[in-house]
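I opened this model to look up a few places in the fold. My notes follow in the order I made them.

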Amino acid sequence: MSYLRSTSDRRKSASKATRSAVHGGGKSKIVVNQRLQLNPDKDHQPESYEDLKSNHFGPWIFRELEKHLPSNMLNAPREKKVKYMSGILNEYLSPAERFRGQKQKEFRQKMISNYPPLHKELYTMDPTTFFVPEFLRAINDNTEDGFRRIMSEPAPGIFAFEMLQPHFCELLIAEFDNFERWVHDQKVRVMRPNTMNHYGAVLDDFGFQTMLAKLVEDFICPLSKVFYAETGGANLDSHHGFIVEYGNNRDVDLGLHVDDSEVTLNVCLGTQFSGGDLFFRGMRCEKHVNTESRPEEIFDYSHFPGQAVLHHGRHRHGARATISGHRVNLLLWCRSSVYREIRKYQKGFCSWCGECKREKEERMHTLIDNTKLDLSMREGEPAM
């Protein structure tokens, strides 16, 4: 989870990079200084990367990213494409993130090898037992009208809808509790989901990676392609899924922040609690992440079990104090490596950043005022 601070230095270092690839068996070097293609090459069949050993990125990321490579890279040898794509992806990892990624991988391997699941049926996607019927029908119809029939949009870009079956929520909480007890008995220190939540666990760490990847691909992507296409939602290729807890002897609240995601799914699993409202304060790019909110950007939302909230990761938000009881939420950060690479070349984000939009409006007003002033001064000049 990202604090309200800029990571522009990382973007600047990325934009200076010039990558090269050697094609075929010859010695000629082709310098690739083109940008990734915004739209994937649908006719290109990407390589298989299932055997690829990466500490940070799954094989599906490389498959999806390959479709966006510059045209003169598409037929390069696999190892050259891997090197090129790894260079792009690694630019978004600081040394601290790389170290944490290695530790996370080691922890995950140990957990998956030793943890005995309580409810094995949760680890394989079963839509009819996971989701409420209305949500499934909307996904199967796969139309904007169908999605909007099951959703409310209480504030621009924030969508709320019923998603998960109550029984599934109960089983997932039970599985999480079982994992917490098991690591405690094993005297293992759990790696928490992020730097802001001190309670909870990363679901991929104990076997949910395949199920969550299916959740993103088949059930989140159809929504994000409709509602967040211009901000990365059309090209989601990885996820970070985790459980967080609030209440007595747990985290109480969560300060204003932005997520490390293009699209965030936040589902309240339970149980009984009071307080814990979500609050939103407008979308911001990295440059303007700490700017003031406009009155129309201020929005609070009361979450309840089974209810999902979908929003852009750059939509600033937080959680008010859970006054009593125990609140458990499922978070799924959905990311697009393609969008992050392309975003480096954009100079402004006035289509979604509230402050970029305000600055653009201010420039337009200034230009109009100056033009009017110039015209009035010319009209007052004596005829020659």
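Is E296 buried or exposed? I find E296 exposed, with a relative accessible area of 58%. My cut-offs are under 20% relative accessible area for buried, over 50% for exposed, and partly exposed in between, with a 1.4 Å probe and protein chains only.

**Ground rules.** This is a predicted model, so I take local features at pLDDT of at least 70 and side-chain atom pairs only at pLDDT 80 or more, while totals for chains, interfaces and linings use all residues. Residues are numbered from 1 along each chain as its sequence is written, and side-chain values use heavy atoms, with hydrogens and water left out.

**Overview.** I count 11 helices and 14 strands in the protein chain. These are DSSP runs numbered from the N terminus: H or I of at least four residues for helices, E of at least two for strands. Of the 384 residues in the protein chain, 49% are buried. I then looked at contacts, meaning heavy atoms within 4.5 Å. Among those in the protein chain with a separation of 6 or more, 81% are between residues 24 or more positions apart.

**E296 again.** I place E296 in the loop between β10 (278-283) and β11 (298-301). G282 is 14 residues away from E296 along the chain, and their C-alpha atoms are separated by 8.5 Å.

**E66.** This glutamate, E66, belongs to helix α2 (residues 59-66). E66 is buried, at a relative accessible area of 0%. What does the side chain of E66 join in a polar contact? The partner is the side chain of H44, at 2.6 Å. I count a polar contact when a pair of N or O atoms lies within 3.5 Å; within protein, one must be able to donate a hydrogen and the other to accept it, and residues adjacent in sequence count only if both atoms are side-chain atoms. Leaving aside neighbours within four places in sequence, E66 is in contact with H44, Q45, P46, E47, Y49, L74, K81 and M85.

**Cores.** Next I traced the nonpolar cores. Each is a set of buried Ala, Val, Leu, Ile, Met, Phe, Trp, Tyr and Cys residues joined through side-chain atoms within 4.5 Å. The largest has 57 residues, and F131 and M163 have the most contacts inside it. At least two residues of this core come from each of α4 (95-114), α6 (133-141), β4 (158-162), α8, α9 (209-227), β8 (263-270), β12 (307-312) and β14 (322-335). Another core, of 17 residues, lies apart from it and includes M73, Y84, M85 and L89. M85 is also on the contact list of E66. I checked M163 too: not counting residues up to four places away in sequence, M163 touches F130, F131, V132, F135, L215, I220, L265, V267, G306 and A308.

**Strand β14.** How many of the 14 residues of β14 are buried? I get 10, so β14 is largely enclosed by the rest of the structure. I call two strands paired if DSSP finds at least two bridges between them. Strand β6 (residues 238-247) runs antiparallel to β14, with 10 bridges. There, I243 has L330 as its bridge partner. β8 is also antiparallel to β14, through 7 bridges, and V263 stands opposite C334.

**Helix lengths.** I set the expected span at 1.5 Å times one less than the number of residues. Helix α8 (residues 166-185) has 20 residues and should span 28 Å; its end C-alpha atoms are 29 Å apart, which agrees. Its buried residues include F168, L172, F176 and W182. K187 follows α8 and has a positive phi, near 60 degrees. Helix α11 (residues 354-379) has 26 residues and should span 38 Å; its end C-alpha atoms are 38 Å apart, which agrees. The buried residues of α11 are G354, E355 and C356. Their cover includes β10.

**Cysteines.** I searched the whole structure for disulfides, pairs of cysteine sulfur atoms within 2.5 Å, and found 0. C350 is in none; its nearest cysteine sulfur, that of C356, is 6.8 Å away. C353 is in none either, with the sulfur of C356 nearest at 3.7 Å. C350 counts as partly exposed at 32% relative accessibility, whereas C353 counts as buried at 1%.
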